[in-house]
Amino acid sequence: MTETQAGTGEAMASPVAPQVPAIELDGVVKEYLANGEVVQAVKGVTLSIAEGEFFSLLGPSGCGKTTTMRMIAGFEDPSRGVVRLHGRDVTNVPPNRRDVNMVFQSYALFPHMNVWENVAFGLRRRKTPEAEIKRRVGETLEIVDLVGREKRRPREMSGGQQQRVALARALVNRPRALLLDEPLGALDLKLRQAMQIELKRIQREVGITFVYVTHDQSEALTMSDRIAVMHDGLVEQLASPREIYERPATAFVAGFIGTSNLIRGTVDRVESGNAVLALDEGGRVLVAEASHRAGDPITITVRPEKITISTEEPAGGLSAVRGTVSEVVYLGLYNSYAVRLADGAEVTVFQQNALDSSSTAERGDAVWLSWQPHHSYAIGS
Amino acid sequence: MTGKLGDRLLHGYTWLIIAWLTAPIIVMIMFGFNDKQSKSNTSWQGFTFRWYGELFADSSLTGALVNSLQVAVVSTVLTTVIGTALGLALGRHRFRGRGVSNFLVFAAISTPELVMGASLLSLFVSGNTPRGLATITIAHVLFSLSFVVVTVRARVVGLDPSLEEAARDLGAGTWTTFRLVTLPAIMPGVLAGALLAFALSIDDYVVTSFVNGNQLTFPLWIMGSVKVGIPPQVNVMGTLIFGIGVAIAIANAVASRRRA
């Protein structure tokens with residue numbers, strides 16, 4: 001699954017030839033003993049991250065993403081399974097002997113050292129010659145745009161600057177992989193968005209594998225080559241951002257990434273390659289490439305921006321359902337409509353604010369919703 | 001108008017408190033310069049530097065002071081090392097006996113000194129341990145340990161655990177991490193604890209008087225000479241100890257403000 005989907009979406013960072021993956025997790029399980037009970041934080045994760053990839057572990061808090069990252073870093077020992085870095089089994093290697101570096105959520109800058117000493121810390125531990133330390137620390141501070149602040153103490157700097165010091169302190173060691181644990185969580189929205197672009201630029205510049213832990217789906221979608229969506233200790237889907245957004249594999253992924261509508265029904269018939277769900281009042285939902293047969297129960301998702309809202313019955317060949325507008329929210333760039341279907345289900349529709357705003361539906365209007373068959377995506381239950 | 005009056009009252013009150021706290025110290029310092037002729041050093045008879053010149057004239061007093069300093073230095077070093085380790089463990093790790101240890105730390109602070117002194121004496125007597133500087137030092141470690149533990153533990157609890165992880169992540173082993181990251185981070189707590197331990201040791205009378213055997217410390221010597229008249233050298237030594245203490249406290253405050 002991982003290999004075939006690496007090429008979709010932004011293909012630029014996917015490996016050209018098969019090579020040793022930067023990071024491999026093989027059946028990794030992490031169990032804790034809490035109040036005499038065994039709790040599984042990670043329930044068996046197998047994945048491989050390619051050299052130079054920007055890879056995100058995305059999920060809600062408690063899904064096991066941070067524990068997974070900490071097992072890569074070496075701060076947690078897996079209860080079962082194997083961790084490999086560049087083909088070498090490092091499952092029992094302590095963090096100070098692993099060729100990966102971590103950027104902590106709290107930055108964890110050494111408060112009694114200035115910026116220069118913080119960044120040089122890793123190189124000093126490796127007995128790097130002083131001249132080389134000087135050169136590399138200087139270069140790295142240039143990359144993160146902190147030249148001239150070498151003598152500052154961490155607490156004399158803003159959150160964004162501290163963030164960049166933390167990044168420099170890890171990058172300067174030229175690790176095989178950089179692990180980032182919600183590094184932008186403490187920054188405000190504007191700065192966070194600027195740092196997302198900055199991180200992506202730095203990653204391209206240095207070409208190091210990034211493993212990025214976040215609960216923020218837009219952050220993961222913006223920056224990643226591939227995303228592993230985690231839920232309850234398991235990887236629910238591992239694919240490119242586009243794939244994950246357009247074709248969520250499970251109801252959880254559909255719900256966690258963006259806004260999504262779930263429509264449940266039973267396949268009525270199969271018509272020219274489309275499974276057809278018959279709904280009340282003449283509505284129908286078409287599902288492309290479905291390998292379903294008549295009588296099968298089915299759940300489909302459709303994204304709010306794929307749906308067109310109209311007052312007249314749409315042409316054939318489209319999914320079309322009827323409903324009543326129950327709420328209209330003006331959001332600047334687009335309007336968000338809540339449309340209640342005959343069976344009581346509510347569907348969210350985003351409609352871009354076009355020049356002709358007179359055609360928009362009002363609250364209480366009876367409307368048709370329509371979308372292309374390939375925008376209905378059947379998901380596993 | 002009322003605001004002005006309130007300000008004046010507050011100023012007056014503040015100065016009253018300051019006078020209240022410093023008057024005994026000022027008197028102590030002053031009588032170190034008293035050119036006294038009689039045996040007692042309680043009435044002002046003129047200014048002199050004589051006692052500074054004859055500071056070590058009384059060899060038994062000097063011996064007691066040396067004993068006190070020796071005990072204070074050794075017990076402070078021991079207390080700081082053991083207390084820092086204990087404070088780190090109690091602040092950072094969860095382990096069997098942690099609750100009991102925390103309770104014992106508290107119990108050692110709240111035990112009356114008389115009880116502690118008496119029970120230590122019976123312990124040493126029943127163990128046939130000869131009383132002397134060693135037993136005094138052991139006793140001082142015992143009653144000052146908890147203060148170091150408490151100050152270090154408070155600092156450790158407030159410490160971001162990912163600091164040490166970051167050091168490990170950057171290639172530092174356990175000892176290097178402790179030396180370069182953990183210890184500097186908890187240093188204000190360690191220093192404050194050490195100062196407390198030294199101050200508690202140098203002026204302890206009650207516990208020391210139970211376990212001293214035939215050795216005299218500075219406080220014991222002074223108490224012994226109360227009836228015959230305290231010589232001005234005691235004031236001079238008190239002044240010097242006070243001065244050093246104030247200097248160290250100021251240095252620590254400045255350093256921790258720079259570090260914090």
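**Figure 1. The largest nonpolar core of the predicted model comprises 108 residues.** The residues with the most contacts inside this core are Ile72(A), Ala168(A), Leu178(A), Leu179(A) and Val211(A). Once neighbours within four places in sequence are set aside, Ile72(A) is in contact with Ile23(A), Val83(A), Val100(A), Leu179(A) and Val211(A). In soluble globular proteins, nonpolar side chains tend to be buried together.

**Figure 2. Strand E7 of chain A, residues 177–181, is mostly covered.** Five of the five residues of E7(A) are buried. Ala177(A), Leu179(A) and Asp181(A) point one way from the strand, while Leu178(A) and Leu180(A) point the other way. Leu178(A) and Leu179(A), which point in these opposing ways, are both among the residues with the most contacts inside the 108-residue core.

**Figure 3. E7(A) pairs with E6(A) and with E8(A).** E6(A) and E7(A) run parallel and are joined by four bridges. Within this pairing, Val103(A) has Leu180(A) of E7(A) as its bridge partner. The pairing of E7(A) with strand E8 of chain A, residues 209–214, is likewise parallel and extends over five bridges. Here Leu180(A) stands opposite Tyr212(A) of E8(A). Between E7(A) and E8(A) the chain passes through helix H6 of chain A, residues 189–206, in a right-handed β-α-β crossover.

**Figure 4. Chain A meets chain B through 17 residues of chain A and 16 residues of chain B.** On the chain A side, strand E6 (100–103) and helix H3 (115–125) are the elements that give two or more residues. H3(A) provides the largest share of that side, three residues. By class, the side of chain A that touches chain B has nine nonpolar, six polar and two charged residues. E6(A), one of these contributing elements, is also the strand joined to E7(A) by four bridges.

**Figure 5. Two spans of chain B lie in positions that UniProt annotates as "transmembrane region".** The unreviewed UniProt entry places this feature at residues 12–33, 69–91, 103–126, 132–156, 177–202 and 236–255 of chain B. Over residues 12–33 of chain B, the model is 91% helix and 0% strand, and the end C-alpha atoms are 30 Å apart. Residues 236–255 of chain B are 100% helix and 0% strand, with end C-alpha atoms 28 Å apart.

Conventions: Residues are numbered from 1 along each chain as its sequence is written. Chains are lettered from A and ligands numbered from 1 in the order in which they are written. This is a predicted model: local features need pLDDT of at least 70, side-chain atom pairs count only at pLDDT 80 or more; totals for chains, interfaces and linings use all residues. Two residues are in contact if their C-beta atoms, placed from the backbone, lie within 7 Å. Ala, Val, Leu, Ile, Met, Phe, Trp, Tyr, Cys and Pro count as nonpolar, Asp, Glu, Lys and Arg as charged, and the others, Gly among them, as polar. A residue is buried if 20 or more other C-beta atoms lie within 10 Å of its own, exposed if 12 or fewer, and partly exposed in between; C-beta atoms are placed from the backbone. Two strands pair if DSSP finds at least two bridges between them. A crossover is right-handed if, with the strands pointing away from the viewer, the path from the first strand over the helix to the second runs clockwise. UniProt positions are given in the numbering used here, feature names are shortened, and annotations may be inferred rather than shown by experiment. A nonpolar core is a set of buried Ala, Val, Leu, Ile, Met, Phe, Trp, Tyr and Cys residues joined through C-beta atoms within 7 Å.
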